[in-house]
Amino acid sequence: MEKTVNIGLIGFGTIGSGVVETFNRNTPLIEDKVGKKVKLKRIVDLDVTTDRGVEVDPEALSTDVNDILEDPDIDIVIELMGGYQPALKFILQALENGKHVVTANKALLAKHWEEVISTAQENNVRVCFEASVGGGIPLLQPLNESLASNNIESVYGIINGTANYILTKMTEEGREFTDVLKEAQEKGYAEADPTFDVEGHDTAQKLIILTILGFGVYVKQERFHVEGITRITPDDIAFARDEMGCCIKLLAISKLVDGDLEVRVHPTLVPEEHLLSSVNSVFNGAYLIGDIVGPVMMYGQGAGMMPTASAVVGDCIDIVQNMEKPVAYGPKKTRVQSVKEMADVESKYYIRLTTADKPGVLHEISGIFRDYDISLGSVNQKQTSHAGMVQIFMVTHTALEKNMAAAAEKISQLESVESEPVFIRLL
């Protein structure tokens with residue numbers, strides 16, 4: 001075998017512990033595959049005394065990050081500390097010192113993509129980040145390499161386990177959002193402050209990375225629509241299932257139509273016959289369409305200690321096998337001519353609103369939709385538990401987003417309407 005390839009790990013938390021366990025368990029397998037000796041030489045964390053439940057050489061532990069960044073014998077740096085700083089500083093320092101970097105830090109990549117990648121390219125080293133989207137699912141490298149002969153037409157992803165768990169439980173058990181959220185927090189599937197997950201921001205950061213690899217363009221989160229699941233109710237889910245044959249999923253969508261790229265995150269009505277409708281609980285799934293391969297579905301565990309560690313160590317193996325491998329992060333020449341504004345997106349819509357139960361209300365609402373060039377495909381009305389109030393469920397034909405938003409705003413101002421209408425787009 002050639003000289004030993006040394007690896008340094010920054011961040012000995014949950015995922016870091018999984019990485020250590022993976023090397024403990026499968027180093028002989030890894031070395032057999034790559035034909036080289038591989039050693040996890042150094043592990044750095046502010047806390048090196050707490051028992052992580054994995055076997056580790058005490059001499060490998062350190063609280064000084066420079067024991068990794070400035071060690072000329074370390075070839076690969078794994079960053080698993082998360083956050084923006086000092087993670088960004090450490091990654092850039094590693095790259096500038098000629099070390100390859102493996103990270104699961106989707107937030108950092110989404111925000112500092114250009115700086116990180118340009119620094120890697122200037123120093124002829126690689127940044128690998130398979131674990132940043134979809135956890136243990138082999139998704140990014142297949143998109144970037146295995147499907148490189150394709151023009152990617154669209155990417156649809158269920159890539160946040162917290163939101164998907166909540167929607168799945170609401171669908172299966174007819175429970176309210178707040179009730180299921182509490183359960184998710186108790187089981188460790190949701191953070192104490194779940195905003196980042198349930199409002200779509202985690203999904204948006206991952207979509208930025210998917211969009212780069214699929215279409216060769218970096219679109220900052222501020223440039224596209226991001227909407228969460230907090231307004232979804234059991235009534236929406238029941239109507240979607242019983243009347244439309246759909247389920248509701250929080251989707252990341254990036255698709256190219258005639259040179260215009262649509263990038264968006266929002267709850268979406270997914271037909272039950274679509275493969276994405278079967279992605280439930282904390283699992284993730286991505287559905288890609290290439291002009292040569294056609295549709296491709298990737299499914300698996302999107303988070304967790306060992307699935308994520310699997311992706312991290314897989315990136316290390318890829319680097320060890322060919323450290324001189326040139327990497328293109330997505331198409332070098334993009335087909336994207338412009339990023340479409342959300343206002344110009346076209347879709348069919350489901351609408352729910354609560355109104356006073358009196359003559360003329362439906363006629364007034366229908367008139368507003370007509371004024372904004374929105375054609376209704378179906379209208380259903382159901383009694384509520386509140387006397388004198390009804391719920392109205394509508395499904396439109398294809399309409400412009402800006403018209404739908406304007407109509408919803410106009411309707412919300414009607415005296416007979418109890419609250420702002422909820423509308424959900426159809427896949």
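This report describes the overall build of a predicted protein model and one of its strand pairs.

## Basis of the model

Local features are given where pLDDT is at least 70 and side-chain atom pairs count only at pLDDT 80 or more, while totals for chains, interfaces and linings use all residues. Residues are numbered from 1 along each chain as its sequence is written, and side-chain values use heavy atoms, with hydrogens and water left out.

## Overall build

The protein holds 13 helices and 19 strands, taken as DSSP runs (H or I of at least four residues for helices, E of at least two for strands) and numbered from the N terminus. Its radius of gyration, taken over C-alpha atoms, is 24 Å, close to the 22 Å that the globule rule (2.2 Å times the number of residues to the power 0.38) gives for 427 residues, so the protein is as compact as a globular protein of that length. The C-alpha trace spans about 80 × 45 × 35 Å along its principal axes.

## Burial and contacts

Of the 427 residues, 55% are buried, meaning under 20% relative accessible area with a 1.4 Å probe and protein chains only. Among contacts (heavy atoms within 4.5 Å) with a separation of 6 or more, 72% are between residues 24 or more positions apart.

## A strand pair

Strand β11 (residues 283-290) and strand β12 (residues 294-301) run antiparallel and are joined by eight bridges, where pairing requires that DSSP finds at least two bridges between the strands. The two form a hairpin with three residues between them, and within this pair Ile-289 stands opposite Pro-295 in β12.

Definitions and conventions. Buried means under 20% relative accessible area, exposed over 50%, partly exposed in between (1.4 Å probe, protein chains only).
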